[in-house]
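Q: Could you take a close look at one part of this protein for me? I'd like to go through the charged side chains and what they pair up with.

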Amino acid sequence: MNQDELKAVFDQQASGYEQQQQKLAPVHEGLHFQLEWIFSGLPDSARILCVGLGAGAELSYLAKKFPHWRFTAVEPSGAMLDVCRQRAEKESFASRCMFHEGYLESLPDIEPHDAATCFMVSQFFLDQDERARFFRSIAARLHPGGILASADLSSAVGSPEYDTLLKAWVSMLHAAKVPADAIEKTHAAWAKDVAILPPGEVEAIIGRGGFSRPVQFYQAGFVHAWCARRST
């Protein structure tokens, strides 16, 4: 899918997105818990860039844990961004947020950020050069030494490890009632629209995007998360 097609998909999913994600809640909660400690050394006045944040789960978590931090929320889906903004207003941290509907390229020039999150976004760049340029656009919005926390689906497709994880992943999504063709359908959809790469290849792409050697700090099933600092 191109950017417009992907945006349209998330626009359609926005109203029920949080409910759909409940089956994966333990995965995301574990990621957010680890993220808290990856970012724990940042200053009280830190500015955090959240890229492609959807309904804003990581933004909500960080805003509660760090009540003086300010956030820039970047999301191309207007419907998703509306859900995110409504959540921020309901949880009383909207005044600490700048909401930008669009991509990093259209984000106005503002002061650099101390850290950035990018969860389940870069995997939609099927071309590795474009994926590296995406990370470079994040690096350009950070202070030298600023921290990136990035998470994506990752595995060596076709390996025994991939097959084992795929079976478990689909079973988790469908609970005990796994349709007979669900695994094959999921694999086919991912092959068409998601760049699932081995962890080492994702780390190399992040490095090409202007960051120091990434360190994996979390894994749950296919979800891998890395932290890295912007190269000076």
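How many residues apart are Asp-82 and Arg-85 in helix 5, and what does that spacing come to in helical turns?

A: Bear in mind that this is a predicted model. Asp-82 and Arg-85 are three residues apart in helix 5 (residues 78–90), so about one helical turn separates them. The two form a salt bridge, with their closest N and O atoms 3.0 Å apart. Asp-82 is partly exposed because its relative accessibility is 37%, and Arg-85 is partly exposed too, at 26%. Arg-85 has another contact to look at: its charged end sits over the ring of Phe-99, 5.0 Å from the ring centre.

That salt bridge is one of seven in the structure. Another one joins Asp-152 and Arg-131, at 3.5 Å from N to O. Here Asp-152 is in strand 5 (residues 142–153) and Arg-131 in helix 6 (residues 128–139), so the bridge ties together parts that are 21 residues apart in sequence. Asp-152 counts as buried, at 0% relative accessibility, and Arg-131 is buried as well, also with 0%. Then there's a network: Lys-64, Arg-87 and Glu-91 are joined by salt bridges that share partners.

Arg-47 and Glu-111 also meet through their side chains in a salt bridge, 4.0 Å from N to O. This pair links distant parts of the chain, 64 residues apart: Arg-47 is in strand 1 (residues 47–51), while Glu-111 is in the loop between strand 3 (97–101) and strand 4 (113–119). Arg-47 is buried, at 11% relative accessible area, whereas Glu-111 is partly exposed, at 44%.

Definitions and conventions
Residues numbered from 1 in each chain as written. Predicted model: local features only at pLDDT ≥ 70, side-chain atom pairs only at ≥ 80, totals over all residues. Heavy atoms only, no water. Lys NZ or Arg CZ within 6 Å of the ring centre and 35° of its normal. Helix = DSSP H or I, 4+ residues; strand = E, 2+ residues; numbered from the N terminus. Buried < 20%, exposed > 50% of the residue type's maximum accessible area, 1.4 Å probe, protein only.
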